[in-house]
Amino acid sequence: MADASFGILVLNQISKAGLERLPAGRYRTGKDIAAPDAVLVRSADMHGMEIPASVRAIGRAGAGTNNIPVPALSARGIPVFNAPGGNANAVKELVLAGMLMAARHLPEAQRFVQALDPASPALEQAIEEGKKAFAGFELSGQTLGIIGLGKVGALVADAAIKLGMHVMGYDPEITVDAAWSLSSQVQRAASVDDVLQHARLVSLHVPLVPATRHLVNADNVRLMGPDAVLLNFSRDGVVDDAAVVAALGAGQLGRYVCDFPHAGLLGHPQVIALPHLGASTREAEDNCAAMVADQLRDFLEHGNVRNAVNFPNVHMSRGTRWRVAIANANVPNMLGQISTAMAHAGLNIHNMVNKSRGDMAYTLVDVDSAVGDEVLATLRGIEGVLAVRYLPNG
């Protein structure tokens, strides 16, 4: 609504580049917004939070939504937006750094240099003798296996190919868009085991869902080898840390590089653990915040949905001033009931779009005249309707 004011509750420090996308004359943002229309969040845990009844959308300034109670919000007809790809380049560069650190033993070499006595007359001799312990291997010519070929996986694959590496990838859920963006030089793997068995370096880029928890575990990590490097810059829980530590000790794995430094990993000589730096760049924070702010604004003002983890993507240009947005369970005859309710109220449907995603469906309807409260109440009363929003423009 062009003349409406929206309140956005901000749970974390959100980049100014994102907040600036929400015009001050129409949006109020802050940590003390009463009855907010939407919530902007990064890492704050919302599972124990009482989410106000006024909330119509959640925006996660990042990719993962593990900190958000998505099923509960879906039941209320509330979309959860994220920013897929907003931090992809930052993660890609960190993966490359991880591969180089492991291949060239850079952390150990740095610790060795820091321990040298700068005043020693034998400093140069100590350097020459000590560096022999850190001989590594070049990435060029090695095989990199990538499990998960979304935004980050595709960028990692492209960068690795440019470094002269052979790349094999596995992703049974790959989208058409992701497949089009993937280099034709990426060899298709038949399974996770296929990747672990044939790649010297393996990088994981999958979300944490029940099917991917402990994707690398005691049963398959043994397929790697004493010179192999496993990298996890995706999600904590995708790798069974205990199984990896056991494999390192048994000579079934050479190095483990991850962004999730658990107690069982710290101090292990074959583990390089970083403090969750994947998206920790100014550029990534700006990109994610701007992306999710734009999506929230488009939804609040026009009902359009882009990049919601629990809703289908639905976009319709305004055909009239009067728009109704309806979130409902994906059940038969819902469109018929919506159309009948509007017809009985004398409303002419100018344009309509309906899409579904799993158990959720979403409908945008532009009509040729104003919609009264009685019609909206009728729509809300239809069994299976989760949320109804009236979005007149002006």
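How are α3 and α6 oriented to each other? They are oblique to each other, a class for angles that are not under 35 degrees (roughly parallel), over 145 (roughly antiparallel) or 65 to 115 (roughly perpendicular). The tour comes back to this pair after a look at the whole protein.

**Before you start**

This is a predicted model, in which local features need pLDDT of at least 70 and side-chain atom pairs count only at pLDDT 80 or more, while totals for chains, interfaces and linings use all residues. Residues are numbered from 1 along each chain as its sequence is written, and side-chain values use heavy atoms, with hydrogens and water left out.

**Show everything**

Display the protein as a cartoon. It has 12 helices and 16 strands. These are DSSP runs numbered from the N terminus: helices are H or I with at least four residues, strands are E with at least two. The C-alpha trace spans about 90 × 45 × 35 Å along its principal axes.

The accessible surface is about 18,700 Å², and carbon and sulfur atoms hold 51% of it. Such areas come from the Shrake-Rupley method with a 1.4 Å probe, and for residues only the protein chains shown count as cover. Of the 394 residues, 49% are buried. Buried means under 20% relative accessible area, exposed means over 50%, and partly exposed lies in between.

Contact here means heavy atoms within 4.5 Å. Among contacts with a separation of 6 or more, 64% join residues 24 or more positions apart.

**Select 88–103 and 151–162**

These are α3 and α6. They pack at an angle of about 45 degrees, with axes 9 Å apart. Axes are lines fitted to C-alpha atoms, for helices over the stretch in contact, and angles run from 0 to 180 degrees between N-to-C directions.

Show side chains. From α3, pick Ala88, Asn89, Val91, Lys92, Val95 and Leu96. From α6, pick Lys151, Val152, Leu155, Val156 and Ala159. The contact has eight nonpolar, one polar and two charged residues. Ala, Val, Leu, Ile, Met, Phe, Trp, Tyr, Cys and Pro count as nonpolar, Asp, Glu, Lys and Arg as charged, and the others, Gly among them, as polar.

**Select leucine 265**

Look in the loop between β11 (255–258) and β12 (271–273). Is leucine 265 buried or exposed? Its relative accessibility is 1%, so it counts as buried. Leaving out residues up to four places away in sequence, leucine 265 touches Asp241, Val245, Tyr256, Cys258, Phe260 and Val271.

**Select histidine 276**

Move to the loop between β12 and α10 (282–302). Histidine 276 is exposed, with a relative accessible area of 51%. Check its backbone: phi is positive, about 55 degrees, although this is not a glycine. Most residues other than glycine have a negative phi.

**Select asparagine 333**

This residue is in the loop between β13 (322–329) and α11. Asparagine 333 also has a positive phi, about 70 degrees. At 55% relative accessibility, asparagine 333 counts as exposed.

**Select 334–344 and 373–380**

The last stop is α11 and α12. Their packing angle is about 160 degrees, with axes 10 Å apart. That makes α11 roughly antiparallel to α12. The crossing is right-handed. Ile338, Ala341 and Met342 of α11 meet Val375, Thr378 and Leu379 of α12. By class, this contact has five nonpolar, one polar and no charged residues.

Conventions
Buried means under 20% relative accessible area, exposed over 50%, partly exposed in between (1.4 Å probe, protein chains only). A crossing is left-handed if the near helix is turned anticlockwise from the far one by less than a right angle, and right-handed if clockwise.
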